[in-house]
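Q: Please take a close look at one helix and explain which way its residues face. I would then like to see how a few other parts may be described in the same terms.

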Amino acid sequence: MEFRSRSKRTAELNLTPLIDVIFLLLLFFIIGSQFTSFKQMQVQLPSAKTPTTDLPKTALTLYINKNNRVLFRDKPISIAQAAQLLRKEGKSKEPQLLLLADGKATHQAVISVMDLAQKQGVLAISLGTTKAIDHKNNK
């Protein structure tokens, strides 16, 4: 009895579809991460020799533009809405406020928001600044 010899097939792994899937996942995450970032407010912060240290991302951030309007996440809000946000922040474990006021905003607008924050229990308040350029040493 004569047996036919079987031809041995070599297993072949085609990596092209795997690479395509990996690139599609990478593209998905790159585009998806773009939607989660917030647009930065157009506020010209005053300068100081020591810029604001970074607060935790859990700090409530309010903006005051040059027209003395209070803004939250790029939308103007009323004083009553600001009070609600500050009241909610005041009930958190570590209430903190980062206040970013335009250099042309009035002192009264900044003080009003700070006073409102303190009334709502937010005592840790930081004012945002940018680092001043030392023209003497060109730093």
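A: A residue is called buried when its relative accessible area is under 20%, exposed when it is over 50%, and partly exposed in between, with a 1.4 Å probe and only protein chains counted. Helices (H or I, at least four residues) and strands (E, at least two) are DSSP runs, numbered from the N terminus. The model is predicted, so local features need pLDDT of at least 70 and side-chain atom pairs pLDDT 80 or more, while totals for chains, interfaces and linings use all residues. Residues are numbered from 1 along each chain as its sequence is written, and side-chain values use heavy atoms, without hydrogens and water.

Within α2, the residues A82, A83, L86 and E89 are buried. Viewed down the axis of α2, the buried residues fall within an arc of 125°, so they line one face of the helix. That arc is taken from the directions that lead from the helix axis to the C-beta atoms. On the other side of α2, the residues A80, Q84 and K88 are exposed.

The same terms apply to helix α3, residues 107–119, where K119 and D115 lie four residues apart, about one turn of the helix. Their side chains meet in a salt bridge, at 3.5 Å from N to O. A salt bridge is a side-chain nitrogen of Lys or Arg within 4 Å of a carboxyl oxygen of Asp or Glu. A search of the whole structure finds one. K119 is exposed, with a relative accessible area of 63%, whereas D115, at 36%, counts as partly exposed.

Strand β5, residues 96–101, contains L97. This leucine, L97, is buried, with a relative accessible area of 0%. In sequence L97 and L62 are 35 residues apart, yet in space their C-alpha atoms are 7.5 Å apart.

Finally, the aromatic residues F28 and F29 are both exposed. Rings of Phe, Tyr and Trp (its six-membered ring) pair if their centres lie within 6.5 Å; planes under 30 degrees apart count as stacked, over 60 as edge-to-face and the rest as tilted. By this rule the count is one aromatic pair. F28 and F29 form that edge-to-face pair, with 5.4 Å from centre to centre and 75° between the planes.
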